[in-house]
Amino acid sequence: MIGDFNKQNMSKTENEFDQLFKKHLQEQEIQPEEHNWDKISARLPVNPYLQRIFLTVSSFAAVLLLGLIVSCLYHHFIQSSNQQHTATAFSTEASPKSLNPFAKRHFVMDMPTDGHSREDAIKELLMEEEETAADLWQFVTSEDDLGTHAFNKDIIEKALKPLEQLPIEGLALLPSKASAPKVKSSVAQDSDLRILIPLRVLSQEELDEMVRREGP
Amino acid sequence: MLTFSQTTAEQQLIKGCLSGQRADQKVLYEHFAPKMFGICQRYAAGTSQAEDMLQEGFIKVFNNLHRFRGEGSFEGWIKRIFINTSIEYHRKAIRKHLHLELTPLDDPAVSPQAMQNLIWRDLLQLIQQLPVGYRTVFNLYVIEGFSHQEISELLGISPGTSKSQLARARYMLQSFLKSRN
């Protein structure tokens, strides 16, 4: 009872105390000095409308730039990733799980021209009937042709893996016969000829079919 | 000077400010500055801080004027900006202070007579002497009329902390009054 009375009494005092501050200060106006407006005015834009447009445009430009940078980095990453795959497909036992069958990949052959001029070597390589990857594949793997062409036989044999060595866990990297892509050639070094043969990943069924066709 | 009870005049003035008319901006400033400076003084520890808050607040008002949709009173909108600016000005200090350990309080009774003789300037000086956290909670609860729940959301504290800070602020104010008398 006494506790309640004290609580009520205290609450009343608190209320009076609060009201005193509220009454005197809630709507109290205090005139600031003139220099305040000068400082505010100096920080305000001349044309707020133009400033808003500028801010909107610059935000848009910043987003575009960011997108461009991300896109460039992405392409750079994909490109370097593809280059890595090319080297892997040629020189090491790559894990087919890590290869993207849709990524562009090439079988790379770097060959000395053995005294022939680069132009002659390219001409010889890109004969009309050997322009497709499949034909070229046939051309370079044919024992009869090897000795008669200008290319160094040892290097070609070293560069090319026999068909049965290419499959890794049911997949193989081979030139596409169906799509018959064009062979690209370029000069690797001063005296070398670089040939790029497009490759693709074969499914297990395709591979089985190919092995059946080629024979043991 | 323009009468701000006239909505059309207010709208025209806002339009002028939006298009960057310095004269209109100055009219708006002159009309609201005394009231807003009163608010800033309550939240600040002194005139210099209050002036910084006033300048910051008006810059925000002019830069965000296009966001005022005309819903509710214009003065209320400006006032809210100034309260937020004042809180923002001390945010780190407020949070740091509000997490200090509290000790139990005795009741420093002040005679009603002593309270009646005070004028606004005395009361303002008393408030300005409070630590920043107490001052902010006292202003928000007693003068602005926010609930403890609203204060807790504004300052990022619990409603219980808000209550204890208010009690502490009242106690300190009463102690100041007692020592003055």
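Start by selecting A:Trp37, B:Tyr29, B:Phe58, B:Phe62 and B:Phe82, which together form one aromatic cluster. Rings of Phe, Tyr and Trp (its six-membered ring) pair if their centres lie within 6.5 Å; planes under 30 degrees apart are stacked, over 60 edge-to-face, and the rest tilted.

A note on what is on screen. This is a predicted model, in which local features need pLDDT of at least 70 and side-chain atom pairs count only at pLDDT 80 or more, while totals for chains, interfaces and linings use all residues. Residues are numbered from 1 along each chain as its sequence is written, chains are lettered from A and ligands numbered from 1 in the order in which they are written, and side-chain values use heavy atoms, with hydrogens and water left out.

**Stop 1: aromatic pairs**

Over all chains, the count is 11 aromatic pairs. Select A:Phe21 and B:Phe138. Their ring centres lie 5.1 Å apart with planes at 80 degrees, so this pair is edge-to-face. A:Phe21 sits in helix H1 (residues 2-25) of chain A and B:Phe138 in helix H7 (residues 132-143) of chain B, so the pair joins two chains. Helices (H or I, at least four residues) and strands (E, at least two) are DSSP runs, numbered from the N terminus. Both A:Phe21 and B:Phe138 are buried. Buried means under 20% relative accessible area, exposed over 50%, and partly exposed in between (1.4 Å probe, protein chains only).

B:Tyr29 is buried at 5% relative accessible area. B:Phe58 is buried at 0%.

**Stop 2: salt bridges**

The count over all chains is 8 salt bridges. The rule asks for a side-chain nitrogen of Lys or Arg within 4 Å of a carboxyl oxygen of Asp or Glu.

Select A:Asp18 and B:Arg170. Their side chains meet in a salt bridge, 2.6 Å from N to O. A:Asp18 lies in helix H1 of chain A and B:Arg170 in helix H9 (residues 159-180) of chain B, so this pair joins two chains. Are A:Asp18 and B:Arg170 buried or exposed? Both A:Asp18 and B:Arg170 are buried.

Next, select B:Lys35 and A:Glu29. Here the salt bridge spans 3.9 Å, N to O. B:Lys35 is in helix H2 of chain B and A:Glu29 in the loop between H1 and helix H2 (35-43) of chain A, so the pair joins two chains. A:Glu29 is partly exposed, at 42% relative accessible area.

B:Lys79 is partly exposed at 23% relative accessibility, whereas B:Glu144 is buried at 16%.

**Stop 3: the A-B interface**

Colour the two chains separately. In contact (heavy atoms within 4.5 Å) are 39 residues of chain B and 33 residues of chain A. The two chains bury about 3700 Å² between them, 63% of it on carbon and sulfur atoms. Buried area is the accessible area (1.4 Å probe) that two parts lose on being put together, summed over both. Now select B:Arg22, B:Gln55 and B:Trp120. They supply 17% of the area that chain B buries against chain A, more than any other three residues.

How many salt bridges are there between chain B and chain A? The count is 4. Select A:Arg43 and B:Glu56 to see a salt bridge with its closest N and O atoms 3.3 Å apart.

**Stop 4: chain A on its own**

Show chain A as a cartoon. Chain A has 8 helices and 5 strands. Along the sequence, the pattern is α-α-α-β-α-α-α-α-β-β-β-β-α. Of its 216 residues, 31% count as buried.

End on A:Ile53, in helix H3 (residues 48-91) of chain A. A:Ile53 counts as partly exposed, at 36% relative accessibility.
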